[in-house]
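Here's a quick tour for anyone meeting this structure for the first time. Have a look at the sequence and the fold, then read on.

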Amino acid sequence: MKIAIIGAGSIAAQMAKTIAALDEVESYAIASRSFDKARAFADKWGFGRAYDSYDDMLADDAVDLVYIALPHSFHHEWTIKALNAGKHVLCEKPLAVNFKQAQEMIALAESKNLLLAEAMWTRYQPSAKIITDLIAGGEIGEVMTVSANVGDCNYMNDRLTNPALAGGCLLDLTVYALNFSAMVMGNKVKRIVASMIPTDTGVDGQDNVMLEYDGGKIANLFATMYTVTDRSGFVYGSGGFIQAHDVFNPEKITVCGVKGYKHYVKREIAVPAQITGYEYEVLACMKAVEDGRTECPEMPHAETLAIMKQADEIRRQFGIVYPFE
């Protein structure tokens, strides 16, 4: 499968590193607004073709799948163009900036029988199945509470603080916590209570989100662009809890039991060695295309839409409207 990338920034470089190490796919083309940047990227990562026009790259019949590595506000436009050009698409998270956009993108992919996958890498990783298998096996009893924090202070740049680029904590960091909770709790959310601290540009710099589910179950989520956190995710049950060490890309998973008022470590589970962690979504896309699917079972369209709807409600409570909406 020949893969092309739109956008030549840091996240594109991570994907390029991943593709270069995989025998199953080919580093075929890179497109940037600057030919010099595209050429340098291609030379560094072993791409055969470099384009200074996204449209020209989409016109290349040899391209099988396009990975879109652009700021959030461009995901809808270039996913639509790539699908209309007959390409399968793996689009960086979030798939879109709102539910309406995501719905349009998914409807088009399904109408054209093309794959459209959201690159929420955490949902494709082996750690996701490890956690859900532990829960399904009754390892910690009935799950009642989820908590997760996501903090990274390297995010205070124009791409993440500019409202015109759909900047803010929500779509870049809080979505990881929302996905962690959804992976465990599902998406039958009864109520959302959210608050944020704005940046100077008016987008959210820190978020607090509470989600209430049926049966008295809740999730407490926190994300920030101002500081680094341990990014732990916890799943608390009636008989113990699970800790994911870094919800971005778990380094290990700890399973704890309870005895009286105290907990104890039952075991620690190592996650498989990896290239970057992005390889799982790439291989999932390849298999989905081979199987004639329009979505990856690891991150199906219904899941993307449900979490996008949650993000819309959170942003409504924040009072943030992007200028292009």
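Helices (H or I, at least four residues) and strands (E, at least two) are DSSP runs, numbered from the N terminus. This is a predicted model, where local features need pLDDT of at least 70 and side-chain atom pairs count only at pLDDT 80 or more, while totals for chains, interfaces and linings use all residues. Residues are numbered from 1 along each chain as its sequence is written, and side-chain values use heavy atoms, with hydrogens and water left out.

**The eight-stranded sheet**

- Eight strands form an open sheet in the order β8-β9-β10-β7-β11-β12-β13-β14, and the pairing is mixed.
- At the edges stand β8 (189–198) and β14 (262–270), each with a single partner strand, so one side of each has no neighbour in the sheet.
- On average, neighbouring strands here are turned by 15° against each other, direction ignored (axes are lines fitted to C-alpha atoms, for helices over the stretch in contact, and angles run from 0 to 180 degrees between N-to-C directions).
- Strands β11 (residues 233–237) and β12 (residues 240–244) run antiparallel and are joined by five bridges.
- Within that pair, Phe234 has Gln243 in β12 as its bridge partner.

**Helices on the sheet**

- Helix α6 (residues 126–136) packs on the sheet and touches β7 (143–151), β11, β12, β13 (252–259) and β14, where contact means heavy atoms within 4.5 Å.
- The direction of α6 makes about 20° with that of β13.
- Helix α8 (residues 169–185) also packs on the sheet, touching β7, β9 (204–213), β10 (218–224), β11 and β12; its direction makes about 160° with that of β7.

**A closer look at α6**

- Which residues of α6 are buried? They are Ser127, Ala128, Ile131, Leu134 and Ile135, with buried meaning under 20% relative accessible area, exposed over 50%, and partly exposed in between (1.4 Å probe, protein chains only).
- Looking down the axis of α6, the buried residues fall within an arc of 135°, so they line one face of the helix; the arc is that of the directions from the helix axis to the C-beta atoms.
- Lys129 and Ala136, on the other side of α6, are exposed.
- The buried residues of α6 pack against β7, α8, β11, β12, β13 and β14.
- After α6 comes Gly138, with a positive phi near 75°.

**The start of the chain**

- Strand β1 (residues 2–6) has four of its five residues buried, so the rest of the structure largely encloses it.
- β1 runs parallel to strand β2 (residues 26–31), with five bridges joining them.
- β1 also runs parallel to strand β4 (residues 65–68), this time with four bridges.
- Ile3 has a bridge partner in each: Ser27 in β2 and Leu65 in β4.
- Together, β1, helix α1 (residues 10–20) and β2 make a right-handed β-α-β unit, meaning that, with the strands pointing away from the viewer, the path from the first strand over the helix to the second runs clockwise.

**The nonpolar core**

- A nonpolar core is a set of buried Ala, Val, Leu, Ile, Met, Phe, Trp, Tyr and Cys residues joined through side-chain atoms within 4.5 Å.
- The largest one has 116 residues, of which Ile5, Ile30, Leu171, Phe180, Val184 and Val235 touch the most other members.
- Helix α8 gives the largest share of this core, 13 residues.
- Leaving aside neighbours within four places in sequence, the contacts of Val235 include Ile135, Val143, Phe180, Val184 and Ile242.

**Loops worth a look**

- Most residues other than glycine have a negative phi, and most peptide bonds are trans.
- The peptide bond from Lys93 to Pro94 is cis, with omega near -15°, and Pro94 sits in the loop between β5 (88–92) and α5 (99–111).
- Asn113 has a positive phi, near 55°, and is found in the loop between α5 and β6 (116–119).
- Asp246, in the loop between β12 and β13, has a positive phi of about 90° and is buried, at 10% relative accessible area.
- Arg123 lies in the loop between β6 and α6 and counts as buried, at 12% relative accessibility.
- Not counting residues up to four places away in sequence, Arg123 touches several residues, among them Ala128, Asn179, Glu298 and Glu303.

Definitions and conventions: Pairing = 2+ DSSP bridges.
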